[in-house]
Amino acid sequence: MDLETVKQDLVSREFRAVVLAGFGNELQPLTGDYGDEPSPKALLPVANRPMIEYLLSWIEQSGIKDVLLICPAIHRPALYHHIHSDVSSSNLNVDLQTYDETIDSGVGTCELLRHFAHRVQEDFVLLSCDFIAPPSLPLSTLLNQFRADSGSNGSIATTCWYATNKPEKASSPDEWGPSAPPTSIVWDDASSTLLHIDTADDLDQNSEELELRMSLLYPKVRLSSNFQDSHVYICRHSILDALAQKQHLDSFREEFLPWLCKVQYQKLKRRKYGHILYPETYAQSSQTTALLHSTLLTLNAVDNNVLSPVSDNEGDVTASLKVGIVLHRADAGFAIRVHDLHSYVEVNRRSLAAANYALPTDPKNRALIDQKAQISADTIIGDSTKVSERTTIKKSIIGRHCIIGKTVKIVGCILLDHCVIEDGAKIDGSVLGKNTKIGSKAELTRCVTQAGYEVSAGDVVKNERLETSDWTAAAGMSENDDETGENESDA
């Protein structure tokens, strides 16, 4: 008998992964449409590999087999094609579902979960398509933490937070938008319990008073704003029942999760929602007694009533309703959510450090790179990309099917697929969306372009977010000026 196969089959029946692939508004203009063709955030490449591939591989390595992938209806053709193409290396069973949404009218995570709840019959892992974890943080570690907590004391969810990444100084300009603000969280070290997450309503409260109040209930309270939410939540199926009760909540991260933390220690909330979050069917199958006799549990933890179930003989549930937390430290490996332009630049920069001269290995593709081109070791060049003579490329990622002309200089850039850079152009610290065209002898410094944008020959642009709507408007104005000039001449 293959024990590993049996183990993975058990995991696949135990959990379903629910992956959310939204528009990615904070990654504009890279996620802006290219004409009538959308640019899904999930397919945005990181080191020339679609972002979602990192997440699907992470899920598959944990043994989970079934994935519910939810995306806007307009993105379905592109995602369906990718999932069923040779590019995707995943063997997961992907149930692709869509919802009607535009980039200007968002649908909250809570509403999506309510709508698709009938497709989730087991405990589930909720994930965003933009999380990239290091090898030192396998999903199985989080699943095991959830299993241990839910079996010993009635835990209902486990979250994962990673150390805040400090990007390289001036790696991207302020004009690209603000970086994500830090979030303060309170947790108990002894039991790895998440107690509080700052929300907009909490900003005016005194954090020291909050920590003192928590310390009355838990022995080793910690408060920090040095961790970011991975948006990976392992949840009991009963979470969906609680969401059905809380119809007014829209955001899982901003509203529902902070509320769930309060249920742990606020008596009125426990009495009202405890039997929804932890129904009798869970209590009957609990392994509490066995785990309390395990040598893995400390007497101190039991004495402090942290790991043992709670009962007050007044109708309260006999479970902790714990929201667990796994903290991933910075020295344990680089983890990141690619949710804005700053994090997108940072994850690609980190990928270059590990790439070690990633040029095409196929002789046919390698022949497209001129021998007189100077390409540094910390550079990645995709297949079917042509690089002409006397061109210099340093610390950059060049996508597939790009055309780089003669005497071009590219430093610290990310070029998506099908970009065209004409002779003599200079590009520094910029991110070019797919099908971007840079005219001859044009200069681009610390800019980001939407797919299909064109920079005219000889133009000099610095610190700009360049969208096709601006470019076409400028072109229209030029045509009108020409017509006006002709009319004046005729007069």
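Predicted model: local features only at pLDDT ≥ 70, side-chain atom pairs only at ≥ 80, totals over all residues.
On one hand, β9 pairs with strand β10 (residues 193-197) in the antiparallel sense over 4 bridges, and V186 stands opposite H196 in β10. These two strands form a hairpin with 4 residues between them, and in the turn S192 has a positive phi of about 50°. On the other hand, β9 is joined by 4 bridges to strand β11 (residues 221-224), and the two run antiparallel. Here I185 stands opposite S224 in β11.

The helices come next. Two packed helices are described by the angle between their axes and the distance between the axes. For helix α7 (residues 238-245) and helix α9 (residues 267-277), the angle is about 135° and the axes are 8 Å apart. The two helices are therefore oblique to each other. On the α7 side, S238, I239, D241, A242 and Q245 meet Y273, I276 and L277 of α9. By class, this contact has 5 nonpolar, 2 polar and 1 charged residues.

Finally, V94 lies in strand β5 (residues 93-99). With a relative accessible area of 24%, V94 is partly exposed, because buried means under 20%. Leaving aside neighbours within four places in sequence, V94 is in contact with V67, L69 and I83. The C-alpha atoms of V94 and I83 are separated by 8.0 Å, and these residues are 11 residues apart along the chain.

Note on methods: Residues numbered from 1 in each chain as written. Heavy atoms only, no water. Axes fitted to C-alpha atoms, helices over the stretch in contact; angles between N-to-C directions. Parallel < 35°, antiparallel > 145°, perpendicular 65-115°, else oblique. Contact = heavy atoms within 4.5 Å. Nonpolar A, V, L, I, M, F, W, Y, C, P; charged D, E, K, R; others polar. Buried < 20%, exposed > 50% of the residue type's maximum accessible area, 1.4 Å probe, protein only. Pairing = 2+ DSSP bridges.
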